[in-house]
Amino acid sequence: MMEERATIGKRLTLTTGCGKMRMLVYFYKDTGEIDCTYIEPSQSASCANCMTGLSRMMSLAIKKGATIDEICDQLNSCGICPVYAVARASGDIPVSQGGSCPLAFAIALKQAYEGFKEGLKNEQRTEARNRYTRPDQNL
């Protein structure tokens with residue numbers, strides 16, 4: 001039987017050429033490594049099934065041991081989406097970084113991962129400082 005590991009989720013909202021999408025990234029609390037990702041496409045997204053498939057493939061890659069850099073490298077090679085480019089050029093809505101949904105997901109995934117790992121390091125440093133007491137404090 002597999003041991004259950006505690007996870008914590010981070011919800012990211014991205015504005016793409018297809019509208020708002022939510023990306024959920026779940027991290028293991030003990031290591032800060034990513035457990036899985038989910039992408040919730042907007043109702044207006046013309047490629048909602050594609051985004052769901054992409055989300056599942058990202059999670060599978062993580063579970064099979066792919067690094068965040070490897071996943072982001074693949075997403076970054078997808079190129080520019082015309083709908084995304086038009087949305088950015090029109091200036092009507094402030095779209096997320098990137099030139100397509102996969103590029104935006106790569107940027108958000110990398111930022112979430114680095115932010116969570118940094119937060120975990122800071123938490124561990126604080127716990128270590130709190131455990132340390134100087135000999136003269138025990139008097």
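Which residue of E3 is the bridge partner of Tyr26? The views below take up this pairing and its surroundings in a predicted model, in which local features need pLDDT of at least 70, side-chain atom pairs count only at pLDDT 80 or more, and totals for chains, interfaces and linings use all residues. Residues are numbered from 1 along each chain as its sequence is written, and side-chain values use heavy atoms, with hydrogens and water left out.

**View 1. Three strands form an open antiparallel sheet in the order E1-E2-E3.** Strands (E, at least two residues) and helices (H or I, at least four) are DSSP runs numbered from the N terminus, and two strands pair if DSSP finds at least two bridges between them. Strand E1 (7-16) and strand E3 (34-40) are the edge strands, each pairing on one side only, and the twist from one strand to the next averages 20°.

**View 2. Strand E2 (residues 19-28) pairs with E3 in the antiparallel sense over six bridges.** Within E3, Cys36 is the bridge partner of Tyr26.

**View 3. Helix H1 (residues 48-63) packs on the sheet, where it touches E2 and E3.** The direction of H1 makes about 180° with that of E3; contact means heavy atoms within 4.5 Å, and angles run from 0 to 180 degrees between N-to-C directions of axes, which are lines fitted to C-alpha atoms, for helices over the stretch in contact.

**View 4. H1 and helix H4 (residues 101-131) cross at roughly 35°, their axes coming within 12 Å.** Met51, Leu54 and Met58 of H1 make the contact with Cys101, Pro102, Phe105 and Leu109 of H4.
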